[in-house]
Amino acid sequence: MGRRLILRCRAVLVATALAAVTAASPPGAPPLPGATAPSAAPFDPAPARSSLERLLPSRAAQFILVPVEEPASGDYFTVSGEAGAIEVRGTSPATLLTGVGWYLERVAGVDLGWPGSSVGRLPGTLPAVAGTLTRSASVPHRYALNDTDEGYSGAYRDFASYQHDIDLMALHGVNEVFVPTGAEYPYYRALQEFGYSAAELRAWIPAPAHQGWWLLQNLSGFGGPVSDQLVEARATLGGRIAGHLRSLGMTPVLPGFFGTVPTDFAARNDGAVTVPQGKWVGFDRPDWLDPTGPVFARLAAAYYRYQQERFGVSDMFKMDLLHEGGVAGPVDVAAAAGAVQRALDTARPGATWVMLGWQNNPTDALLSGVDRRRLLIVDGLSDRYDGLDREVRWGGTPYAFGTIPNFGGHTSIGGNTGAWVDRFHAWLGKQDSALRGIAYLPEATGGSPAAFDLFTELAWQTGPIDQKTWFAEYAARRYGGTDPHAAAAWERLRLGPYSMATGTWSEPQDSLFAARPGLTAATAAKWSPKAMRYDAVTVERALDELLQVAPRLRTTDAYRFDLVDVARQALTNRGRVLLPRIKAAYEAEDLTGFRALVREWQAHEELLGRLVGSDQRFLIGPWLADARSWGADAEERDQLEYDARSILTTWAGKGPSETGGLRDYANREWSGLVQDVYAPRWAAYFASLDRALVTGTAPVAVDWFARDDAWARGHQRYPTTPTGDPFALAGEVRAALAA
């Protein structure tokens with residue numbers, strides 16, 4: 001005990017001395033007599049210290065954080081020190097945290113994932129570092145978050161939630177984060193100078209969960225009108241998020257202005273030329289203001305002025321012209337892109353324009369009109385298709401190797417990790433490579449800790465990662481200790497959902513339990529893979545192994561999350577075996593067999609509902625409670641709850657939902673959705689088939705949209721805390737699958 005106290009005191013004294021050196025005297029003051037003038041620290045490590053105290057409250061004092069200048073080669077960190085006094089040197093507050101994260105994983109043998117933690121197994125005195133660990137970032141851009149992240153990860157979170165996620169991203173080496181929260185504010189203020197009332201604009205702005213697609217120029221107004229207090233509150237939150245990023249030396253990537261305006265803008269503004277954008281999966285799109293016309297520059301200047309007032313300064317701005325079917329009309333795309341870049345440069349000289357590499361964007365025409373050196377394309381397809389040559393396709397424009405391993409927030413395990421480890425360093429090492437970063441772009445975050453950990457590590461490894469070795473090391477730290485069954489479980493997962501083949505998809509298949517009922521149902525979301533992308537047995541065997549992990553490791557949050565997630569996936573995958581059997585029994589008019597198989601399906605759904613109810617991360621209750629918390633009165637609380645419910649189910653009104661195909665796009669196996677949306681749908685469907693078999697008549701048609709829309713407009717309260725024993729419930733899943 002005495003040695004631990006001495007070591008802790010030493011760590012505190014060293015940290016205090018370093019702080020004293022960095023603030024010993026005012027700038028320009030002469031040194032004290034007989035003393036050497038201290039050099040000014042390149043930055044203040046206090047924000048990193050604060051993050052550490054949030055992430056590791058009982059161990060933060062054992063870290064000594066030392067700021068160092070960033071060399072021309074870019075960010076780096078070193079980790080060294082004896083037990084209880086771990087010194088981390090880094091080139092920014094965020095990079096200091098990356099060094100701490102590396103220490104936790106590589107030396108202390110624990111994981112602080114997104115989600116899931118095993119830091120509770122850290123010893124009282126942190127272990128010493130053998131020698132010095134040094135890592136340098138191989139690329140300057142380590143970008144995170146899709147345009148859709150806020151909608152699918154939770155548009156109604158509070159600052160503490162965003163702060164925690166940013167701290168985790170810094171811990172894993174990210175340095176650029178997209179910040180759409182409050183992005184309606186500069187539109188709201190700027191357009192009032194161009195002929196619109198505040199009330200008209202509040203009706204044009206969508207509710208928060210759907211704003212991501214408004215920023216992409218896909219829709220407007222859905223879920224509105226928004227209130228003035230909501231616009232103000234979101235702008236305040238967005239400003240705090242951007243400020244926290246800047247405090248850590250990270251870049252808040254803000255939405256830029258490229259011409260999205262209401263459809264009657266030209267009628268209200270002399271000289272303005274707008275191009276109707278038509279439809280996006282059933283939604284009327286906003287108009288596009290011609291950037292080459294005389295009004296664009298003035299509106300862009302007002303937009304950036306109001307944005308800086310509330311969100312501060314940034315040098316990276318995200319914009320996607322003509323996204324998913326946008327119409328150029330008579331506008332010269334090259335000239336328009338040049339005008340968009342000039343407006344940005346006028347407001348923020350030297351800023352980088354970030355755009356998504358998706359479908360055919362960016363086009364050759366767009367790229368021909370801009371200074372490509374000041375672009376960054378975050379590629380959403382790097383691991384999806386084969387035969388890609390981004391240098392040729394984009395003419396040497398700087399780009400980031402990206403992945404979208406999750407669409408809509410589906411609760412599906414997996415990723416094309418083989419492509420990540422094979423392609424990233426190969427593309428980086430190409431002659432005349434334009435690869436300048438990584439881009440972690442799942443449509444929702446916080447559900448795939450292994451994918452997040454491996455992908456973000458690409459930028460900090462000196463060469464290609466050996467996938468098998470990486471997963472073995474991940475298993476050794478994930479639960480805070482080595483265990484042969486944990487190792488075997490993760491090896492099965494590596495061979496299955498984390499080794500999916502490239503060529504068509506970057507995400508796993510979704511759940512048939514969440515699908516619109518039908519005997520030939522193949523997906524829940526219209527654009528998801530139509531079949532299994534790996535051998536389902538790998539997940540079942542992983543579950544077997546996880547259930548045998550040593551009791552001392554089962555207490556960790558990481559183990560409990562993984563156990564529920566793997567058990568859920570194993571049970572879900574069995575649905576793809578059962579449904580064809582049900583179809584065969586129905587078509588054979590085998591009523592007894594049909595009923596037995598339906599009972600098995602429904603028993604699995606019932607068990608699934610109880611299983612996901614045992615972990616906080618699979619509850620719909622917090623999602624809905626968060627939405628209601630933003631409302632100023634009962635009417636607004638109900639309105640925002642509909643926004644949060646609809647995006648998970650109907651997504652929108654009947655046209656976009658049914659004809660456009662958006663229904664169940666964001667399906668997820670959460671407690672509440674399973675019991676009150678998915679299971680009742682299948683029960684009604686199977687009941688209609690049963691009656692058809694008994695009576696010899698055709699099944700009665702069901703208005704599925706009406707059912708789902710009724711739930712989306714409901715206000716039933718759901719638990720915000722989990723119930724049940726995850727280990728016992730996972731055991732039930734194993735028994736059910738073995739029966």
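These legends go with a set of close-up views of the structure above.

The model is predicted, so local features are described where pLDDT is at least 70 and side-chain atom pairs where it is 80 or more, while totals for chains, interfaces and linings use all residues. Residues are numbered from 1 along each chain as its sequence is written, and side-chain values use heavy atoms, leaving out hydrogens and water.

View 1. A closed barrel of 8 strands runs E5-E6-E7-E13-E14-E15-E16-E17, with parallel pairing. Strands (E, at least two residues) and helices (H or I, at least four) are DSSP runs, numbered from the N terminus. Two strands pair if DSSP finds at least two bridges between them. From one strand to the next, the twist averages 30°. Helix H12 (residues 333-347) packs on the sheet, where it touches strand E13 (316-318), strand E14 (352-357) and E15. Contact, here and below, means heavy atoms within 4.5 Å. The direction of H12 makes about 135° with that of E14. Axes are lines fitted to C-alpha atoms, for helices over the stretch in contact, and angles run from 0 to 180 degrees between N-to-C directions. Helix H16 (residues 449-457) lies across E16 and strand E17 (435-440), running at about 170° to E17.

**View 2. Strand E15 and its two neighbours.** E14 and E15 pair in the parallel sense over 5 bridges, and 2 bridges join E15 (residues 375-379) to the parallel strand E16 (residues 399-403). Pick out two pairs here: methionine 355 has isoleucine 377 in E15 as its bridge partner, and valine 378 stands opposite alanine 400 in E16. Because 5 of the 5 residues of E15 are buried, the strand is largely enclosed by the rest of the structure. Buried means under 20% relative accessible area, exposed over 50%, and partly exposed in between (1.4 Å probe, protein chains only). Both faces of E15 are covered, with Leu375, Ile377 and Asp379 buried on one side and Leu376 and Val378 buried on the other.

**View 3. H20 alongside H27.** The axes of helix H20 (residues 557-587) and helix H27 (residues 726-738) come within 10 Å and cross at roughly 25°. The two helices are therefore roughly parallel to each other; angles under 35 degrees count as roughly parallel, over 145 as roughly antiparallel, 65 to 115 as roughly perpendicular and the rest as oblique. H20 passes H27 in a left-handed crossing. A crossing is left-handed if the near helix is turned anticlockwise from the far one by less than a right angle, and right-handed if clockwise. On the H20 side you'll find Tyr559, Leu563, Val564, Ala567, Ala570, Leu571 and Arg574, which meet Pro726, Phe727, Ala730, Val733 and Leu737 in H27. By class, this contact has 11 nonpolar, no polar and 1 charged residues. Ala, Val, Leu, Ile, Met, Phe, Trp, Tyr, Cys and Pro count as nonpolar, Asp, Glu, Lys and Arg as charged, and the others, Gly among them, as polar.

**View 4. H2 crossing H3.** Here the axes of helix H2 (residues 46-55) and helix H3 (residues 93-108) come within 8 Å and cross at roughly 40°. That makes H2 and H3 oblique to each other, and H2 passes H3 in a right-handed crossing. Ala48, Ser51 and Leu52 in H2 meet Pro93, Leu96, Leu97 and Val100 in H3. The contact of H2 with H3 divides into 6 nonpolar, 1 polar and no charged residues.

**View 5. Leucine 201 and its surroundings.** Leucine 201 lies in helix H7 (residues 198-204) and, at 1% relative accessibility, counts as buried. Leaving aside residues up to four places away in sequence, leucine 201 touches Tyr187, Tyr188, Leu191, Gln192 and Tyr196. Leucine 191 is 10 residues away from leucine 201 in sequence and 7.8 Å away in space, C-alpha to C-alpha.

**View 6. Two cis peptide bonds in loops.** Tryptophan 114 and proline 115 are joined by a cis peptide bond, with omega about 5°. Proline 115 sits in the loop between H3 and strand E4 (133-136). Another cis peptide bond links asparagine 361 to proline 362, with omega about -5°. Look for proline 362 in the loop between E14 and helix H13 (364-368).

View 7. Leucine 145 isn't a glycine, yet has a positive phi of about 95°. Leucine 145 is in the loop between strand E5 (141-144) and helix H4 (149-153), and counts as buried at 10% relative accessibility. Aspartate 664, also not a glycine, has a positive phi of about 60°. You'll find aspartate 664 in the loop between helix H24 (654-659) and helix H25 (673-695), buried at 0% relative accessibility.
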